[in-house]
Amino acid sequence: MMLLLIIALTIAAYLLGSISSAILICKLLNLPDPRTTGSNNPGATNVLRISNKPTAAIVLLFDILKGTIPVWGAYFLGLDPIYLGIIALAACLGHMYPLFYDFLGGKAVATAFGVLLPIGLDLGALLIITWVFVAKWTRYSSLAAIVTVSLAPLYTWLLKPIYTYPVLMLSALIIFRHKDNIIRLFNGTENKISDKMH
């Protein structure tokens with residue numbers, strides 16, 4: 001019975017993750033498709049590039065929630081940390097490789113933040129502070145994401161060590177998804193954050 005519950009929650013997390021708020025909201029507002037404009041990434045940062053702060057904030061909120069909802073649900077059902085990690089990975093994989101959009105999705109940074117929130121608001125605060133600091137200092141959204149998810153396992157180990165391994169798996173997935181950004185950062189060709197951030 002427990003195995004069926006875990007499988008059902010994992011599938012639900014993936015399907016929820018597959019819903020792209022960036023694509024849907026841009027379509028609703030008659031904005032350019034974020035997959036073919038700017039950085040071609042259907043995420044909040046790219047939506048900011050092609051629209052404005054309120055629109056990007058809505059996308060960000062929905063992307064966070066589709067990570068938080070399935071993990072928080074699994075948490076309240078009393079699932080072990082390793083299964084919470086699997087459900088978290090499923091939500092992020094849904095955003096990265098969405099069933100509804102030919103498996104071409106975003107980087108899942110906001111969704112990853114969402115799946116980490118149930119661990120604690122203190123962890124969430126540390127992640128936000130790290131991302132904002134690096135983003136403001138370097139003006140590279142991708143570098144801010146890479147640094148933040150790299151530090152997430154350390155923050156988790158300091159705050160709630162029981163979740164360190166699942167967070168480590170999640171961090172590895174997010175960093176892997178940023179491999180092209182890492183190459184562009186080294187080559188000096190990575191896009192900087194829009195001036196709308198400032």
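Predicted model: local features only at pLDDT ≥ 70, side-chain atom pairs only at ≥ 80, totals over all residues.
**Cavities, cores and charged pairs**

The second largest cavity has a volume of about 50 Å³. A cavity here is a set of points, on a 1 Å grid over the protein atoms alone, where a 1.4 Å probe fits but cannot get out. Its volume is the space filled by probe spheres set on the points, which are joined across faces, edges and corners. Lining residues have an atom within 4 Å of a point.

Residues are numbered from 1 along each chain as its sequence is written, and side-chain values use heavy atoms, leaving out hydrogens and water.

Now look at the largest cavity. Its volume is about 140 Å³. Val 71, Leu 84, Val 115, Ile 119 and Tyr 163 are the closest to its centre, out of 13 lining residues.

Next comes the largest nonpolar core. Such a core is a set of buried Ala, Val, Leu, Ile, Met, Phe, Trp, Tyr and Cys residues joined through side-chain atoms within 4.5 Å. Buried means under 20% relative accessible area, exposed over 50%, and partly exposed in between, with a 1.4 Å probe and protein chains only. This core has 33 residues, and those touching the most other members include Leu 79, Ile 87 and Leu 170. Helix H5 gives the largest share, eight residues. Helices are DSSP runs of H or I with at least four residues, numbered from the N terminus. Leu 79 is in contact (heavy atoms within 4.5 Å) with residues including Met 2, Leu 5 and Ile 87, leaving aside neighbours within four places in sequence.

Last, the charged pairs. Side chains of opposite charge can pair when their charged atoms come close. A salt bridge needs a side-chain nitrogen of Lys or Arg within 4 Å of a carboxyl oxygen of Asp or Glu. There are three salt bridges. Arg 35 pairs with Asp 33 at 2.7 Å, N to O. Arg 35 is partly exposed at 30% relative accessibility, and Asp 33 is partly exposed at 25%. Asp 63 and Lys 66 pair at 3.6 Å, N to O. Both lie in helix H4, three residues apart, about one turn of the helix. Asp 63 is buried at 2%, and Lys 66 is buried at 5%.

Technical notes:
1 Å grid on protein atoms, 1.4 Å probe; cavity = no way out; pocket = protein on both sides within 12 Å on 5 of 7 lines; lining within 4 Å. Helix = DSSP H or I, 4+ residues; strand = E, 2+ residues; numbered from the N terminus.
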